Amino acid sequence: MQIAIHHLTKTYRGGVQALNEIDLTIPGGMFGLLGPNGAGKTTLMRILAGILYPSAGSIRVGEYDGTTEKGRTAIKRTLGYLPQELGVYPDLSAREFLDYIAILKGMDERKARQQRVGELLEMVSLNDVASRKLKTFSGGMKRRVGIAQALLNDPQFLIVDEPTAGLDPEERIRFRNLLSDLGGNRTVLLSTHIVEDIAQTCQNLAMMKSGAILFRGTTGQMLQEARGRVWTITTRGNKPQGNVTIVSTVNMGDTVQYRVVGEPSPQDGIIAARPVEPGLEDGYVCLMREQRTLASNAGV
Amino acid sequence: MIAQFPVVLGVLRYEFRMQIRRPALWIVFAFMLSMFLLLNFSMPETRADVIRALSTRPLLKAFVGFTSDVNLYFPICVGILIADRLWRDRRTKVDELFWAMPAALSARITGKYLGSLLATLLPVLLFQCIGMGLFLYVRHDLMVIPLGLELFAVIILPGMLFISAFSLACPVIMPLPLYQFLFIGYWFWGNILWFHPVFLSLGRTLVSPIGVYAVQGFYGFDVTGSHAADSNLHATPLLGVASILVLVGIAIAVLFILIRLLKWRQAHM
């Protein structure tokens, strides 16, 4: 299922412009949406999920027009949505909450609904605690309930907004693997500011900042943006100089090893400096630097 | 298009379940029951009055008086306990998830209204049943049961439908504690002191949720209160019917406006 977005704009009451003429085509499979806080990712997600209405522009999700009421309702029937902050009724058990959501998704046949709820609880490894109240669940467990509710209606289009934020590394890996398994025969839009989540799961991605698309392409193309611009510099403690962004700092005792993106300049105290293969995070940093330079040159 | 009636039923079931499980529901009603018993049974004179009413007063008059007393105080509990149902959806952030569902807003709101109301009315119905039990014990007359249910439906239910609709809707446009405070304040002003001519109130109109028109129009009595006879109500059975229809009609209108308001808000965020 392809999603086509043209000139999408969203201005909130009070004049805050969250999206500025976004053009984007999301093919099937896993698609990453990367960007810092305040980039407009959640706004875009909420518009696609039919929660917010755009100020201008068009959205097509498969054959449905996402700017009309009829289209939005049709999209919601094929949609699974995991919001950034998942709300639950704390006094319901996991099984009850999923049953409630299934009813809201139009699954009115009781037996089939209960069977589906059972299957999903098994899939997210919450079968043993299905009768416990949600207020006793940890953050990771609630997030798993969240993905289960998103999958109840076997959606063709799945939107997950910051799904791994706040999870420990093991939970995060489990979640990523789960998402990757789901991306096979549906469109999964994964929004995050954690680059590693996209690196591990997505082939295609877009990067946003301040309501605009900075980059759209494959993860390989994003890596290319940083090729030749990533260095490992070892010093006796003094920070690398020049037009650089320090990506990581590792204290080795007598020396400090920096990973930088940019153009480092020669300086005293450098023990070693060598170019290294870029990662996706380096590509992200590179693009953000370019955007800041462009903005600064334009006097913004 | 998904079928909406199953959504209404499903939401009703879960809202009923969540409301009935609330400790606050039973604590509030237990408090009101204690106050009711204290007012009626704590003094030997009042105890004697109650026993006399149960055993010697004409059954209809005694039971109407009992039901009117229930309807004077218990709606306060119903009003404040339903007021937080939509507010809770915002607080727990489930409303974002619900807006992404294909279920119609009207179906969700209807299910929430009916489910919360039915659960909150259960303690009131239980208390009415206690009354039925007392009358049955004293009078040994099985007609007490259908009479008790009729009085519940005619005197209590229309007002409860009316105040529940406002309690669900008003906290959408004002802070919840403010609504609860104003509701309790107005209830005492408009419904417990309704007969006093100095106080401007809807208690003397067809919109009276304590059933003054139904009580006088259908049964020929005044709602409890020694000054009730000064109300100059002159209710007839037709006015009793009109009052019920007005209360239910306004409840439906309030829910309709609530749904439109929520949709409008969502479209203009």
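Two strands count as paired if DSSP finds at least two bridges between them. I start there because the first sheet I want to show rests on that rule. What you see above is a predicted model. The predictor gives the complex an ipTM of 0.89 and a pTM of 0.89.

Chain A, then, and its sheets. One of them is an open sheet of 6 strands, in the order 6-7-8-3-9-10, with mixed pairing. Which strands stand at the edges of this sheet? They are strand 6, residues 79-82, and strand 10, residues 212-218. Each has a single partner strand, so one side of each is left without a neighbour in the sheet. On average, neighbouring strands here are turned by 15° against each other, direction ignored.

Strand 7 and strand 8 of chain A run parallel and are joined by 5 bridges. Strand 8 covers residues 187-192. If you want a place to look, find I159(A), which stands opposite L189(A) in strand 8.

D154(A) sits in the loop between helix 5, residues 139-151, and strand 7, residues 157-161. D154(A) has a positive phi of about 45°, although it is not a glycine. Is D154(A) buried or exposed? It is exposed, because 10 other C-beta atoms lie within 10 Å, and the cut-off for exposed is 12 or fewer.

One of the positions to look at is T234(A), whose bridge partner in strand 14 is A272(A).

Strands of a sheet pair through backbone hydrogen bonds, either parallel or antiparallel.

Now chain B. How many helices and strands does chain B have? There are 11 helices and 0 strands. Its mean pLDDT is 89, and 94% of its residues reach 70 or more. The C-alpha trace spans about 60 × 40 × 30 Å along its principal axes. A compact globule with 269 residues would have a radius of gyration near 18 Å; chain B has 20 Å, which agrees. Of those 269 residues, 41% count as buried. Among the contacts in chain B with a separation of 6 or more, 78% are between residues 24 or more positions apart.

R85(B) is buried, because it has 22 other C-beta atoms within 10 Å, and 20 or more is the cut-off. Leaving out residues up to four places away in sequence, R85(B) touches K112(B), S116(B) and L168(B). R85(B) and Q19(B) are 66 residues apart in sequence, yet 8.9 Å apart in space, C-alpha to C-alpha.

The other is K93(B), in the loop between helix 5, residues 85-92, and helix 6, residues 94-99. K93(B) is not a glycine, but its phi is positive, about 70°. With 14 other C-beta atoms within 10 Å, K93(B) is partly exposed.

Last, where the chains meet. The contact takes 26 residues from chain A and 23 residues from chain B. On the chain B side, helix 1, residues 5-20, and helix 6 are the elements that give two or more residues. Helix 1 gives the largest share, 6 residues. By class, that side has 17 nonpolar, 3 polar and 3 charged residues.

Those two helices come up again at helix 3 of chain A, residues 94-104. Helix 3 is mostly covered, with 9 of its 11 residues buried. Among the buried ones are F97(A), D99(A) and Y100(A). What covers them includes helix 4, residues 110-123, and helix 5 of chain A, together with helix 1 and helix 6 of chain B. After helix 3 comes G106(A), with a positive phi near 90°.

Conventions
Residues numbered from 1 in each chain as written. Chains lettered and ligands numbered in written order. Predicted model: local features only at pLDDT ≥ 70, side-chain atom pairs only at ≥ 80, totals over all residues. Helix = DSSP H or I, 4+ residues; strand = E, 2+ residues; numbered from the N terminus. Axes fitted to C-alpha atoms, helices over the stretch in contact; angles between N-to-C directions. Contact = placed C-beta atoms within 7 Å. Nonpolar A, V, L, I, M, F, W, Y, C, P; charged D, E, K, R; others polar. pLDDT = per-residue confidence, 0-100. Rg over C-alpha atoms; globule rule 2.2 N^0.38 Å.
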